[in-house]
Amino acid sequence: MNRSLLEGDPHAVLEGMLIAAYAIGATAGYVYVRAEYPLAVLRLKHAIAQMREYGFLGMNIFGSGFNFDITVKEGAGAFVCGEETALIASLEGERGMPRPRPPYPAEVGLHGRPTIINNTETFGTLPNILRNGGKWYSQFGKPGNTGTKTFSLVGKTRYTGLIEVPLGMTLRQIVFEIGGGTKKPFKAVQTGGPLGGCLSSALLDTPVDYESMSASGSIMGSGGLIVMDESTCLVDLARYFQTFSRNESCGKCTACRTGTRILVDTLDKIVRGEGEANDIGILYTVADTMQKTAMCGAGQTAPNPVLSTIRYFISEYHAHIIDKYCPSAVCTELFDYTIDPDKCPGCGRCIKVCASLAISGEKNKPHTLDISKCIKCKNCVNVCKFDAIIGIPRSSTIKNQSSSEIIL
Amino acid sequence: MIHNEELLSFTGYSRDTGDLIPLLQKCQKQFGYISEASVRQIAEYLNISENHIYGVASFYSQFRFKKPGRNTVRVCIGTACHVQGGKQLSDELKSTLGIQPGETTPDNRFDFEEVACLGCCAQASVIEINGKIFGKMTTDKLVKTLQDYE
Ligand SMILES: Cc1cc2nc3c(=O)[nH]c(=O)nc-3n(C[C@H](O)[C@H](O)[C@H](O)COP(=O)(O)O)c2cc1C
Ligand code: SF4
Ligand code: FES
């Protein structure tokens, strides 16, 4: 959503920066934006040029004696550069690795000078608050968490897109009233980006505010809200996020560098069907060490996806580890496909897309799927309009072809 | 020896190391990758060692050190795309093109990489070919779309 703010109304963000700079007496400002958002970069540069032209930026702005200019810096693809001190290192032309705080950037920041770092949305809101007053702003939200927040609502809801809601709205309202609910039964909502947590349906009445989110083991973070239904395997999802964190760890401290690695390796093992009873204990211990000893926010919050899925979806872990079964039919080693004869009207679509020739049957009669030929490419699942192709526990007698998933 | 066609232009860039990353980005825009010849020129311009430059450049996933193909395919493996099957698209590319992310096909027609979130999650799954975004991608559509690129 930060991207659409920069693309849709770059002036709001730049005006907010100008106000903040005047407040603290800064002379130079930087917008650090991902290079993957070329349109945002273009529009920012255009808006800055306009502001210079009108005299809003530059030397002695409107005779006030106040000097300020803004430069756009494109990121180069490192997630950890969102962390304050890493961001500063990156702006200085170094590897984007965090350093311990204190000293905080507000004292020792860019080139050793005091620096404040804020999110685009924060700056974008500033002009409106100044113009309309604090009373106006605090009519939205609830005491302690006033104002609004934009979210990127994506995943399996009927409607996806950017939403702006008052703080304190419940997850249920967001998922079901705004998002229109899910087609298949709702399973979980993941908030806050790769470092956030997964919350179950029991937590749908949690209000979306900073304290409630962190009490439930997640964060507001990036403002991402990903809704998942029965077809998402949460052990696999935890592995996905952990792999991201492992790849993005800057490698400076041991807890994060090795911790993310152990978490991924353990989850890989579980997903492959080689999980052992004490693996959950290993995940816990490592996650705990990371939370307590990693240096920056990335390493401290990286275990959130693992801890929250263990906390709210322990039965899925048990299914993978003890029953060697993936109930969501995602982890290819842990289920077989079959066709539910009650749901299959025999339309023939799946027969056409199966490259392994595993499906056969006559028109208008339920089809059958030969497990020994199936490579679980999911082509049939994607074209079936009747959800007739379902996962079942693996048969111990029929030998399967090698799975389509290569796990390194 | 640096050939004419490898010359990097430095107009608009200061000799401050703060301009190192912008210079690397400009270099990648001009040539598609960071060559040894470019690193040598940047080192001289900023008066820092080549090692220092490789140290910084290798930290950031944006920079590539191998020449790209005629067409660049980028698959989003961000979260929203993952939930909608982005990994299947990546697997499909691996088998259709016969290369791994970060590699270039032997005929130089395609190179492909996996990237985190292309910023259009509501369109998931998303791929990008030569800067153009294709939303709601499926493996079927992907194979057809690739045929449009020579
Ligand atoms: C690993 C990591 C990545 C981050 N990425 C971003 C980011 O992409 N954008 C952002 O605005 N803040 C990001 N942050 C948070 C910033 O460091 C900073 O706390 C925030 O921008 C403060 O702004 P606010 O107080 O206005 O919210 C990240 C933090 C961490 C630890
Ligand atoms: S916690 Fe991770 S990302 Fe942060 S400084 Fe340590 S190694 Fe780097
Ligand atoms: S996750 Fe693919 S575009 Fe955001």
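Okay, let's start with where helix α10 of chain A meets helix α11 of chain A. On the α10(A) side we have A255(A), C256(A), G259(A), T260(A), I262(A), L263(A), T266(A), L267(A), K269(A) and I270(A), and they touch D279(A), I282(A), L283(A), V286(A), A287(A), T289(A), M290(A) and T293(A) in α11(A). Contact here means heavy atoms within 4.5 Å. By class, that contact has 11 nonpolar, 5 polar and 2 charged residues. For the classes, Ala, Val, Leu, Ile, Met, Phe, Trp, Tyr, Cys and Pro count as nonpolar, Asp, Glu, Lys and Arg as charged, and the others, Gly among them, as polar.

Quick word on what you're looking at: this is a predicted model, where local features need pLDDT of at least 70, side-chain atom pairs count only at pLDDT 80 or more, and totals for chains, interfaces and linings use all residues. Residues are numbered from 1 along each chain as its sequence is written, chains are lettered from A and ligands numbered from 1 in the order in which they are written, and side-chain values use heavy atoms, with hydrogens and water left out.

Back to the helices. Helices (H or I, at least four residues) and strands (E, at least two) are DSSP runs, numbered from the N terminus. Two packed helices are described by the angle between their axes and the distance between the axes. Axes are lines fitted to C-alpha atoms, for helices over the stretch in contact, and angles run from 0 to 180 degrees between N-to-C directions.

So how do α10(A) and α11(A) lie relative to each other? Their axes come within 10 Å and cross at roughly 160°, and therefore the two are roughly antiparallel. Now compare α2(A) and α3(A): these pack at about 55°, axes 9 Å apart, and are therefore oblique to each other. The cut-offs: under 35 degrees is roughly parallel, over 145 roughly antiparallel, 65 to 115 roughly perpendicular, and the rest oblique.

Leaving aside neighbours within four places in sequence, A26(A) is in contact with A21(A), F66(A), N67(A) and F68(A). A26(A) and P114(A) are 88 residues apart in sequence, but 8.5 Å apart in space, C-alpha to C-alpha.

On a 1 Å grid over the protein atoms alone, a cavity is a set of points where a 1.4 Å probe fits but cannot get out, and a pocket is an open set with protein on both sides within 12 Å along at least five of seven lines; lining residues have an atom within 4 Å of a point.

Which residues lie nearest the centre of the second largest pocket? They're K45(A), T71(A), V72(A), E74(A) and P22(B), out of 15 lining residues. β2(A) gives the largest share of that lining, 5 residues. By class, the lining has 5 nonpolar, 3 polar and 7 charged residues.

As for the largest cavity, α9 (234–248) and α12 (297–301) of chain A each supply at least two residues of its lining. That lining has 12 nonpolar, 4 polar and 2 charged residues.

Last stop, chain B: 6 helices and 4 strands, running α-α-α-β-α-α-β-β-β-α from the N terminus on.
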